[in-house]
Every structure is written in C-alpha cells, then in structure tokens.
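Student: I would like to go through this model term by term and ask, for each label, what value stands behind it.
Tutor: Then let us take the labels one at a time and set each value against its cut-off.

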Amino acid sequence: MTRRLPSILLALLAPVPALAQGLSFDGTVGLGATGTEGTRGVGMVDVTLTVPLSRRIPLSFEAGTYMVVLEGKRPHETYAAFAWDDRFRIGVVRPAYDSVLPSVFERAAPFLAYERIEYARSHATVEAMRATAVPFGISAQGTEGALRLMVSAHKDDKGGFDAASVAASYQGTGWQIAAAVEGVWEHGGPDRVDAKLGARVALGPQVEAGLTLLSPDGNDRDDALAFDMTWTATEALSLMAFGETVRGGGDDAWGLAGEYRFRPRTSVIVAGTDSDAAGAAWHLTLAHRF
C-alpha cells in the first residue's frame with residue numbers, strides 16, 4: 001500500500017492543473033483614504049473567485065466578499081456557493097437585488113456608499129454588514145438577447161428574516177434600463193418591500209447620465225432619487241457628478257470626482273462630497289477592476 005500511495009496521489013492530483021486553468025477572478029478592489037471625521041482609511045472589496053470542480057460537468061464553487069475596510073472594523077458579507085453552468089447557485093449567494101443599479105457613491109466615495117447602504121442594497125446585504133447575518137439561499141440568472149434576468153431567495157434565522165428579489169436589465173443602443181424588487185419578511189415583524197428603477201443614457205460620444213428612483217422601505221429608509229453624470233474628457237480622464245436626494249430632506253448627499261486611468265483596469269479617483277449626515281469630506285481611491 002505504501003508503494004502505491006505516490007501513484008494514488010498523482011492520479012488524484014492529475015486534474016488540478018487543468019482545473020486551475022479555469023480559475024476566474026472578478027470584481028473590484030479599492031484602497032484609499034477619506035477625510036471624514038473619525039475615519040482615516042477606507043478600502044472597498046467586491047470580488048468573486050470561481051473554482052471549476054469538474055472538466056466534464058459545468059459545476060463550480062464560488063467564494064467572494066463585499067467588504068468595506070474601516071479603521072477598527074470590517075463590515076462585510078461573505079459569499080460561498082456552488083454554481084451550475086453559471087446560472088443556478090446554492091449557498092450564501094449574492095442577492096438579485098444587488099445585481100443592478102448600485103450606489104452612485106460606490107466607485108468614487110466608498111465610505112458614503114457604506115454609510116448609505118440601506119438606499120441601494122438588498123436587505124440581506126444590509127443585515128450582513130450591520131448585524132453580521134449570514135443569509136443562506138438560492139439564485140438563478142439568465143440572458144435572452146439584450147435582456148438579463150436574475151432571481152434569488154434568502155433565509156436567515158440569526159437575523160430573523162426571509163427575503164426574495166428579482167432584478168432585470170435591458171441594454172439598448174446608447175441606453176440601458178434596469179429594475180429590481182425585493183420582498184422582506186421579518187420573523188414576527190411586518191412584511192416590507194424594497195424597489196428601484198433606473199435608466200442610463202448616452203448624451204453624446206463623451207457624456208453619460210443615470211437616474212434611479214429608490215424605494216427602500218424594506219430597509220426603513222424614505223424614498224430617494226439618485227443621479228450621476230460622467231464626462232469622458234480624454235481616453236484617460238473622466239469627470240463625474242453624483243448624488244442622492246431623499247424625500248422630505250435631511251439625508252441628502254452629493255459629490256464631484258475625477259478619475260485618471262493609468263492602466264485599462266487601474267485608476268486613481270479623487271472626490272469631494274458633502275452630506276447632511278457626514279458633512280463635507282474628500283476621498284482618494286486607487287481602484288483595480290479584475
């Protein structure tokens with residue numbers, strides 16, 4: 001048996017090099033700083049690693065995280081799921097609600113995106129970031145031409161809630177429309193709904209604008225309107241304006257930013273923001289997209 005052990009190990013390890021060739025890493029990592037009082041450093045990580053488990057069937061394992069790195073704490077949601085044919089997943093899956101219309105602050109001012117996470121993110125993500133919930137669930141996604149659909153369902157006994165969401169987006173020539181709806185069922189509490197509807201349009205060869213209606217009732221926030229505009233001044237330089245205004249006022253936020261791309265997927269973003277809750281701040285982010 002001892003002599004056969006090396007042969008057995010070689011046979012078991014033989015598929016590894018071929019499977020390793022199928023590894024994929026997708027997402028964005030941002031490192032930087034912010035001038036908000038009491039917050040010195042901010043990092044934002046939103047990545048997924050996909051590991052193929054077979055060369056014969058389309059089965060893979062995915063591990064990822066959405067995390068904000070602050071001084072003294074690391075609020076995050078960690079994902080781990082088995083995926084079939086990149087369409088069906090089971091485990092701690094990403095909510096369909098998060099697949100469209102992210103926060104307008106996420107790229108240029110990740111600290112504000114975290115502070116205002118209730119407006120644009122799923123209740124499942126909010127509970128994971130705020131209260132360390134780990135919602136288990138299933139999801140499915142597919143495309144039909146320019147139309148992309150995704151659905152997901154989640155259950156978390158620790159957080160005391162169930163959630164289900166559906167999201168859709170349609171890519172046209174020079175424009176895009178997207179929408180998402182999420183039902184939230186609190187264990188022993190009220191049933192609520194999150195919803196968002198938005199569109200993007202090219203206003204010319206160098207200008208793009210977006211507008212999103214947010215109804216985050218499931219996250220106990222008032223309705224809001226998010227907007228952003230990007231001017232691609234040169235191949236390397238873009239200027240951006242963005243903000244959210246909340247119905248009734250009292251929690252508005254807005255900002256201006258410049259992004260310089262010194263590599264196709266790597267850029268430096270400098271932003272200045274102001275908000276009713278956090279006040280004026282500056283942000284510096286080195287971002288890399290995989």
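Student: Which residues is threonine 125 in contact with, leaving aside its neighbours within four places in sequence?
Tutor: This is a predicted model, and in it threonine 125 is in contact with Tyr66, Tyr79, Pro95, Asp98 and Ile117, once neighbours within four places in sequence are left aside. The word contact is used because heavy atoms of the two residues lie within 4.5 Å.

Student: Why is threonine 125 called buried?
Tutor: Its relative accessibility is 0%, and buried means under 20% relative accessible area, so threonine 125 counts as buried. Threonine 125 is found in helix 5.

Student: Are aspartate 85 and leucine 101 buried or partly exposed?
Tutor: Aspartate 85, placed in the loop between strand 4 (76-84) and strand 5 (88-92), has a relative accessible area of 36% and is therefore partly exposed, since that label covers values between 20% and 50%. Leucine 101 sits in the loop between strand 5 and helix 3, and its relative accessible area of 16% is under the 20% limit, so leucine 101 is buried.

Student: What makes a set of residues a nonpolar core, and which residues have the most contacts inside the largest one?
Tutor: The members must be buried residues of the nonpolar kinds, joined through side-chain atoms within 4.5 Å. The largest such core has 17 residues, and those with the most contacts inside it are Phe105, Ala108, Phe242 and Ala257. Two or more residues come from each of helix 3 (110-115), strand 12, strand 13 (237-246), strand 14 (253-263) and strand 15 (266-275), with strand 13 giving the most, 3 residues. Another core, of 11 residues, lies apart from it and includes Leu70, Tyr79, Ile117 and Met129.

Student: Which residues does phenylalanine 242 touch, leaving aside neighbours within four places in sequence?
Tutor: Phenylalanine 242 is in contact with Val104, Phe105, Ala108, Phe227, Asp228, Trp254, Gly255, Leu256, Ala257 and Thr273.

Student: How many cavities of 30 Å³ or more are found, and what makes such a space a cavity?
Tutor: The search of the whole structure finds 1 cavity of 30 Å³ or more, and the name applies because a 1.4 Å probe fits there but cannot get out. The largest cavity holds about 70 Å³ of space. Its lining has 14 residues, of which Pro102, Ser103, Glu106, Ala120 and Arg121 are the closest to the centre. That lining divides into 8 nonpolar, 1 polar and 5 charged residues.

Student: Why is threonine 230 called buried, whereas arginine 221 is called partly exposed?
Tutor: Threonine 230, in strand 12 (residues 224-232), has a relative accessible area of 17%, which is under 20%, so threonine 230 is buried. Threonine 230 touches Gln206, Val207, Glu208, Ser238, Leu239 and Met240, not counting residues up to four places away in sequence. Arginine 221, in the loop between strand 11 (207-216) and strand 12, has a relative accessible area of 31%, which lies between 20% and 50%, and is therefore partly exposed. Leaving aside neighbours within four places in sequence, arginine 221 is in contact with Glu118, Tyr119 and Pro216.

Terms used:
Residues are numbered from 1 along each chain as its sequence is written. This is a predicted model: local features need pLDDT of at least 70, side-chain atom pairs count only at pLDDT 80 or more; totals for chains, interfaces and linings use all residues. Side-chain values use heavy atoms; hydrogens and water are left out. Helices (H or I, at least four residues) and strands (E, at least two) are DSSP runs, numbered from the N terminus. Buried means under 20% relative accessible area, exposed over 50%, partly exposed in between (1.4 Å probe, protein chains only). On a 1 Å grid over the protein atoms alone, a cavity is a set of points where a 1.4 Å probe fits but cannot get out, and a pocket is an open set with protein on both sides within 12 Å along at least five of seven lines; lining residues have an atom within 4 Å of a point. Grid points are joined across faces, edges and corners, and a volume is the space filled by probe spheres set on the points. Ala, Val, Leu, Ile, Met, Phe, Trp, Tyr, Cys and Pro count as nonpolar, Asp, Glu, Lys and Arg as charged, and the others, Gly among them, as polar.
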